[in-house]
Amino acid sequence: MTPGALWIITMSGMCIVIQSSVTTVHLRNMENFITAVTHLEGLNPRLSPLALMTSLHKIADQSDNIANDFLESSDNRDEIHYKNNSFTELLNINHNLSNFFKQAIHYFITDGHEERGVVLTPDGTTIALAPLLSGLESGLRVNEYSNQPHGFYLLPLAKNLGLSFLQFRNTTPPDQLGPDGCWDSVSAPMVFTLSGVPSLATDALVHGGMDGAILGKHLSVVNSTEINLSTLLRSYYSATMEESDHVSDTLLRGRYRRHNFKKITNSSLLQKKVAHALDALQQHGDIGMEILIEKGIKEFVLRYMECPAIIPRCIWGAAPPQVPLAPLSPPLQYLYIHHTQIPSKPCLNLQTCSKNMRAMQHFHQKERGWYDLGYSFVVGSDGYIYEGRGWMWAGAHTKGRNTVGYGVAFIGSYSTHLPYRYDMELVHHHLVKCGVSNGFLQENYTILGHRQVVATDCPGDSLYSEITTWEHYKDTDPLK
């Protein structure tokens, strides 16, 4: 059997062939990309992970010159350039596999705001592959050449942030980051369309840069003989939370992206790396540039480090509201805590949580006669919060209080046990801080259990007992 034939068989479950003599379209999800990396490793058992990463960048024409120049000292520059060229010459790869990587990695945005070079991960996050691979390559290079400049792992992300800050420096108000977007299909993703005017640091580019930084720093210090890239990626982007994952949130998992990224950087270091990247691009700094970077990093920290990751409605498959929803007038005073009771079990992955969200929305719309899912936000046990009616639209969660507060529900029944600690912290540490900082919640907001307002056991005895220990909880309803 020829290598080309082996590739067609191996990839038969991960590509859709349009009946044309020239066009093959691959599903754009992380599982397919990791399968391709596994196949490339199998074709090149003697090549190091660094050689594979360098070759992938050359194939896709996506090398990060800023990160490369920063990592190359005068002592090792010639050696690195020689090895980089040798890697590509030694790589065993067939046409189909090479073409797949070119399509998968090459990043650009079309005139219709379609974002290419991005993939959907099993946990519902969209990732740009180029900054992810740049981070992996940087970490592997530092590991091989024993050269660890401080903050090297931040450079791919820093470049995109700096360019985006410059792009919108004269806009009022500046909108320097994002946006996110929606896939045409979550089960068979092909087209990802941005939800607004694209910056040079879309959510997908930022997510890829953060993951590249986390994994790059990890790769810089581990035993190089134990590195297998496909195994690392498969573990990092695992689809389902295991019970053991909840014991520690220090695991290398994509769902802990924001938590782990905070552990390897801070605002000051990010500002320095953005300034370095812009200087390398000959965008020389001045006082105005320093202020621009400082403001941009402040926005970045709030949006991607302090605020929790929220799965948008288009990812979990929401039906549209049956009528236009009533707008809220934030900032609001109250946050009402619920449990869903039905579904009664925690959901540990995107597929199950999304199914639960759709079932609750159907029940609220068809059985209760409400216009939409009643809750403002819903908390899964997969490390994510799911968007309900969100910050701007009145819910149907707490009778008589839907215009003065937000309703947040934990999926499951919590009469005898608690949600996982990490999921509770997403709400009472991150969601509320995000709400206050963005002007949705008043600074002196009040947390109440659903049972304090209406006659119900919600949010369950155990969860209610827990929230009585939270800051901003009040033991009496001020509106009664």
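User: Happy to dig in! What is the pairing of the bonded cysteines of the chain, numbered in sequence order?

Analyst: Glad you asked: the pairing is 1-3, 2-6, 4-5. This is a predicted model, in which local features need pLDDT of at least 70, side-chain atom pairs count only at pLDDT 80 or more, and totals for chains, interfaces and linings use all residues. Residues are numbered from 1 along each chain as its sequence is written, and side-chain values use heavy atoms, with hydrogens and water left out.

User: What makes Cys 182 and Cys 314 a disulfide?

Analyst: A disulfide is a pair of cysteine sulfur atoms within 2.5 Å. The sulfur atoms of Cys 182 and Cys 314 are 2.1 Å apart, so this pair meets the rule. By that rule, the count comes to three disulfides.

User: Why is the disulfide of Cys 182 and Cys 314 called left-handed?

Analyst: Because the torsion about its S-S bond is about -90°. By contrast, the torsion for Cys 307 and Cys 434 is about 90°, so that disulfide is right-handed.

User: Which parts of the chain does the pair of Cys 182 and Cys 314 tie together?

Analyst: Cys 182 lies in strand β7 and Cys 314 in helix α14, so parts 132 residues apart in sequence are tied together. Helices (H or I, at least four residues) and strands (E, at least two) are DSSP runs, numbered from the N terminus.

User: How do you know whether Cys 182 is buried or partly exposed?

Analyst: Buried means under 20% relative accessible area, exposed over 50%, and partly exposed in between (1.4 Å probe, protein chains only). Cys 182 has 30% relative accessibility, so it counts as partly exposed. Cys 314, with 28%, is partly exposed as well.

User: Where do Cys 307 and Cys 434 lie?

Analyst: Cys 307 is in the loop between α13 and β9, while Cys 434 is in helix α16, 127 residues apart. Both are buried.

User: Which residues line the second largest pocket nearest its centre?

Analyst: They are Thr 340, Phe 363, His 364, Arg 368 and Tyr 375, out of 20 lining residues. α15 gives the most to that lining, with four residues.

Key: 1 Å grid on protein atoms, 1.4 Å probe; cavity = no way out; pocket = protein on both sides within 12 Å on 5 of 7 lines; lining within 4 Å.
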